[in-house]
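Here are my notes on the model you sent over.

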Amino acid sequence: MPAHPAALGAVAASVEANPLLLDRDHSILAFNERVFDWAARADVPLVERLRYLCIVSSNLDEFFEVRAAPHLLAHGAGDQKGVYSVESFQRLSEAAHALVARQYQLYNDELMPTFARHGIQIISHGERNPAQRKWVQDYFEREVRPLLIPVGLDPAHPFPQVANKSLNFIVRLGGVDAFGRDNPIAIVKLPRVVPRIVRMPAKVSGGKTLFVALSSIVRAHLQSMFPGREVGEFSQFRVTRHSDLAVDEEDVRNLRTALRQGLEHRHYGRAVRLEVSASCAEPLSNFLLAQFDLPPESLFRVHGPVNLSRLTQMIDLLDEPKLLFPPYLPSYPVTLSPSQGFFERLQRGDVLIHQPFESFDGVLAFLREAVHDPQVLAIKQTIYRTGPESELMDLLREAVRRGKEVTVVVELKARFDEEANINWAERLESIGAQVLYGVVGLKTHAKMLLVTRREGRRLVRYGHLSTGNYNPRTARLYTDISHLTADPLLTADMEAVFVHLASQVRLPKLHRMWVAPFDLHGNLAARIGQLGAAAARGEPTRIVAKMNALTDELLIEALVGAGQKGVRIDLIVRGACMLPAQVPGYTENIRVRSVIGRFLEHSRVFYFREGEDESLYLSSADWMNRNMMRRVELAWPVTDPGLRQRLIDECLVAYLHDGRDAWDLGADGIYRRVLQDTHAGEEGASRTIEAHGAQSALMGRYASRGLQHVAPRA
């Protein structure tokens with residue numbers, strides 16, 4: 001089977017600083033093409049294929065909410081030059097339309113027919129028998145109609161406010177209203193509280209698993225909503241709005257209050273995309289485009305539900321284990337023992353936890369022990385994303401109740417998690433925790449937990465650092481590294497960063513850590529430049545860096561320069577990458593690959609070797625300008641040789657030899673799926689990794705090690 005190129009190449013765009021770089025937004029869409037490939041793969045279980053399709057739809061929603069507005073505004077202004085222009089809008093629109101078309105083609109031509117062969121269907125009104133139609137009618141009258149208020153448009157009833165990503169109907173009516181007036185257009189807003197997918201009961205399902213979409217339920221009863229009028233043309237529609245919160249932090253007295261107010265308006269930002277049914281009449285779609293002030297290129301006619309991402313509700317309602325990935329139960333961290341206390345264990349050396357192959361329960365157990373240990377005096381923690389329900393946050397509240405000094409730096413501006421974080425901040429403050437909101441103008445993206453414990457006459461610090469969030473749910477789905485340590489120098493650096501965040505005093509010179517926005521950017525560039533100089537002297541050099549995105553131009557220029565001087569560079573970049581790889585005479589020493597698997601790649605690991613001297617850093621930061629300049633981020637070295645080698649083997653070498661789930665970036669800017677080990681002649685080659693992929697190999701390794709999931713200690 002030949003390599004399948006992603007249909008979207010990360011085509012070079014008019015990036016003013018360097019026209020040779022790849023376009024960031026097209027690279028984001030190319031990443032979603034790679035995710036889409038999992039939905040298209042016949043070797044992936046059916047329900048999981050649908051899940052990947054939903055993930056692509058959700059990702060596209062966020063892409064339009066965050067990235068589309070500048071292109072749209074430039075198009076409206078007629079801008080002809082620059083990163084955002086009429087051309088950039090048109091090219092991005094063409095690429096997005098192509099991806100959406102592939103989504104619905106797969107949905108209609110492959111996924112739904114395959115579900116039907118398994119006795120699972122979303123049935124339309126025309127497919128329903130009389131008993132099923134009666135059940136749908138009863139459901140509509142009981143659960144839906146009481147929540148609907150159709151709005152007929154006239155001067156006294158202007159076009160209603162339509163919330164971001166909400167489901168709606170537009171209807172053309174014949175005849176006249178109760179007052180004899182001809183107001184032909186009506187809008188029906190469907191409430192968010194009603195499920196978008198409803199499972200029909202067994203008594204009317206004929207031995208099958210049948211679902212009905214809310215849009216189909218409402219469509220079947222549109223006529224009953226307008227007695228005395230004729231329902232003519234109609235269509236479901238959905239508008240996506242720009243949703244990035246903008247708060248002038250220098251000009252507000254209380255950031256939490258300002259963000260709460262901003263959240264109230266997020267659902268009604270500037271429209272950036274309109275989705276309608278493929279059959280929507282042109283006069284209706286034109287009417288909607290005019291209402292939302294959108295050009296024709298922003299209209300997406302779709303052959304199916306306008307909100308594919310909501311099909312996750314169908315996934316949740318299915319009980320079909322054979323159509324899912326085999327369940328994976330992570331092992332308890334292999335270097336920890338449930339019978340041994342954490343503080344005793346960390347005095348013997350650092351501990352790494354490779355999530356989700358090892359369980360996040362190890363991190364919770366560490367915090368739980370600290371909360372219940374009477375010798376622990378203080379706990380400090382940063383929170384970026386933790387979710388609305390969190391045992392970790394409950395443990396911090398328990399620590400306050402037990403009289404410990406608890407300081408929590410809550411990032412209120414974590415995109416789309418603002419409300420959950422505000423709620424946690426208020427709950428912690430209400431019982432006496434010291435809650436901080438970081439530094440004005442910066443997002444606190446660093447992940448660290450610091451415990452101070454009395455041991456005899458000394459106060460000893462124990463720390464946890466992570467490449468990922470303190471979110472138990474995503475810890476089962478994302479690959480990340482947790483690092484537990486009692487290293488006095490590293491924990492002293494953590495203490496200094498916490499003091500800086502609280503008091504905003506000048507950050508002292510740190511022993512081991514690099515911190516953005518201070519020295520992380522410069523130190524990375526300097527380290528890359530140092531290896532470039534060594535390569536120019538003829539010394540063997542190597543850079544392998546794993547991250548989620550690479551868009552910072554200064555670091556890209558440093559990498560290009562080092563590669564041109566002879567440094568061998570491998571970059572494992574899951575998502576957007578603006579660095580063009582393997583371009584003759586420019587970047588032939590740089591290889592870029594992306595690995596898309598069952599779990600979301602999220603760990604950041606940076607390896608540098610100069611001669612016999614090697615160093616490895618873990619980090620919370622991607623190589624993006626926002627991470628380097630507008631966030632508080634950390635990078636820290638792993639100095640234990642055994643732990644460092646473990647990270648090299650599991651996070652870098654395994655992914656370089658992946659012959660199943662990897663995509664390599666070609667000189668033409670197009671990613672192609674790798675179907676064999678392209679690094680087979682290099683150290684670490686493995687038939688297991690080549691055949692099954694890095695993630696599957698790691699799942700197998702940890703499934704055969706140590707203890708499986710262990711219940712937490714009291």
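1. How many helices and strands does the secondary structure of the chain come to? There are 20 helices and 27 strands. Please keep in mind throughout that this is a predicted model.

2. Of its 714 residues, 59% count as buried. The accessible surface comes to about 29200 Å², and carbon and sulfur atoms hold 52% of that area. Among contacts with a separation of 6 or more, 73% are between residues 24 or more positions apart.

3. Next, have a look at the open sheet of 6 strands, whose order is β2-β4-β3-β7-β8-β9. Its pairing is mixed. The edge strands are β2 (151–152) and β9 (299–302), each of which pairs on one side only.

4. At the β2 end, the neighbour is β4 (residues 185–189), and the two strands pair in the antiparallel sense over 2 bridges. If you want a residue pair to click on, V151 has I187 in β4 as its bridge partner.

5. Which helix lies across β7, β8 and β9? That is α2 (residues 46–77), which runs at about 125° to β8 (271–277).

6. Now to helix α12, residues 391–401. Its buried residues are L392, M393, L395, L396, R397, A399 and V400, so do notice that an arginine, R397, is on that list under the cut-off of 20% relative accessible area. Just after α12, G403 takes a positive phi of about 90°.

7. At the start of the helix, a side-chain oxygen of D552 comes to within 3.2 Å of the backbone nitrogen of L554. Just after the helix, G566 has a positive phi of about 115°.

8. What do the buried residues of α16 pack against? The buried set is L555, I556, A558, L559, V560, A562 and G563. These residues pack against two helices, α15 (520–536) and α17 (625–629), and against the strands β19 (541–547), β20 (568–573) and β21 (590–595).

Notes:
Residues numbered from 1 in each chain as written. Predicted model: local features only at pLDDT ≥ 70, side-chain atom pairs only at ≥ 80, totals over all residues. Heavy atoms only, no water. Buried < 20%, exposed > 50% of the residue type's maximum accessible area, 1.4 Å probe, protein only. Helix = DSSP H or I, 4+ residues; strand = E, 2+ residues; numbered from the N terminus. Contact = heavy atoms within 4.5 Å. Polar contact = N/O pair within 3.5 Å; in protein donor to acceptor, adjacent residues only side chain to side chain. Pairing = 2+ DSSP bridges. Axes fitted to C-alpha atoms, helices over the stretch in contact; angles between N-to-C directions. Areas by Shrake-Rupley, 256 points an atom, 1.4 Å probe, with all protein chains shown as cover.
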